[in-house]
Amino acid sequence: MQRLTGSRVLVRVLLGACAAPILAVALTGCDRDERAPLWQVAGANPRNGPALMEKYGCGGCHDVPGVRGAHGTVGPPLHRFGDRLYVAGVLRNDPDNLVKWIRTPQAVVPGNAMPDLGVSAQDARDIAAYLYTLR
């Protein structure tokens with residue numbers, strides 16, 4: 001039987017202490033739905049998003065997956081929007097900021113290419129919820 005020195009004991013204790021959390025993260029990571037939205041928008045229905053984006057003409061400027069005829073090239077493509085850190089390059093990407101941007105982009109960045117389209121608060125929430133599903 002091999003006798004453990006102080007440093008070997010320490011190494012085994014540290015490895016044992018680290019193994020459980022690493023294993024827990026690895027196992028729960030396997031169960032995570034990578035396609036689930038990172039943000040939930042209160043009172044919103046993401047299923048309404050594509051029809052609303054078509055109604056407001058978002059596809060005239062943006063390429064948007066799941067929105068019929070949305071192949072615009074004026075604004076950025078909205079693929080994987082749910083993974084983005086910023087809205088319009090200036091706002092932290094969270095539901096309140098995204099809804100604000102959708103409703104009043106000219107108030108956020110005056111003179112930018114995105115027009116104020118008169119999007120209602122509810123419609124903006126539904127559009128935001130849909131955009132967060134794009135991952």
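The model is predicted: local features need pLDDT of at least 70, side-chain atom pairs count only at pLDDT 80 or more, and totals for chains, interfaces and linings use all residues. Residues are numbered from 1 along each chain as its sequence is written, and side-chain values use heavy atoms, with hydrogens and water left out.

## Overall fold

The protein chain has five helices and two strands. Helices (H or I, at least four residues) and strands (E, at least two) are DSSP runs, numbered from the N terminus. Along the sequence the order is α-α-β-β-α-α-α.

Of the 135 residues in the protein chain, 31% are buried. Buried means under 20% relative accessible area, exposed means over 50%, and partly exposed lies in between (1.4 Å probe, protein chains only). The protein chain exposes about 8700 Å², and carbon and sulfur atoms supply 61% of that area. These areas come from the Shrake-Rupley method with a 1.4 Å probe; for residues, only the protein chains shown count as cover.

Contacts (heavy atoms within 4.5 Å) also show how the chain folds back. Among contacts in the protein chain with a separation of 6 or more, 52% join residues 24 or more positions apart.

## Salt bridges

Side chains of opposite charge can pair when their charged atoms come close. A salt bridge here is a side-chain nitrogen of Lys or Arg within 4 Å of a carboxyl oxygen of Asp or Glu. The structure holds five of these salt bridges.

Glutamate 54 is partly exposed at 36% relative accessible area. Arginine 68 is exposed at 66%.

Aspartate 83 is partly exposed, at 27%. Arginine 135 is buried, at 18%. The pair belongs to a network of salt bridges that links Arg80, Asp83 and Arg135.

## Aromatic cluster

A pair of aromatic rings is described by the distance of the centres and the angle of the planes. Rings of Phe, Tyr and Trp (its six-membered ring) pair if their centres lie within 6.5 Å; planes under 30 degrees apart count as stacked, over 60 as edge-to-face and the rest as tilted. The whole structure has two aromatic pairs.

Tryptophan 39 and tyrosine 132 form a tilted pair, 6.4 Å centre to centre with 45° between the planes. Tryptophan 39 lies in the loop between α1 (6–31) and α2 and tyrosine 132 in helix α5, so the pair ties together parts 93 residues apart in sequence. Tryptophan 39 is partly exposed at 29%, whereas tyrosine 132 is buried at 0%.

The rings of phenylalanine 81 and tyrosine 132 have centres 6.1 Å apart and planes at 45°, so this pair is tilted. Phenylalanine 81 sits in the loop between α2 and β1 and tyrosine 132 in helix α5, 51 residues apart. Both phenylalanine 81 and tyrosine 132 are buried. Ring pairs link Trp39, Phe81 and Tyr132 into a cluster.

Helix α5 has 13 residues. Its span from first to last C-alpha is 19 Å, close to the 18 Å expected at 1.5 Å a residue. That expected span is 1.5 Å times one less than the number of residues. Buried residues of α5 include Asp123, Asp126, Ile127, Leu131 and Tyr132. Their cover includes α2 and α3 (95–103).

Asparagine 112 is in the loop between α4 (105–108) and α5. A polar atom of its side chain lies 2.6 Å from the backbone oxygen of valine 109. The asparagine 112 side chain also reaches the backbone nitrogen of methionine 114 at 2.6 Å. Leaving aside neighbours within four places in sequence, asparagine 112 is in contact with Trp101, Pro105 and Gln106.

Terms used
A polar contact is a pair of N or O atoms within 3.5 Å; within protein, one must be able to donate a hydrogen and the other to accept it, and residues adjacent in sequence count only if both atoms are side-chain atoms.
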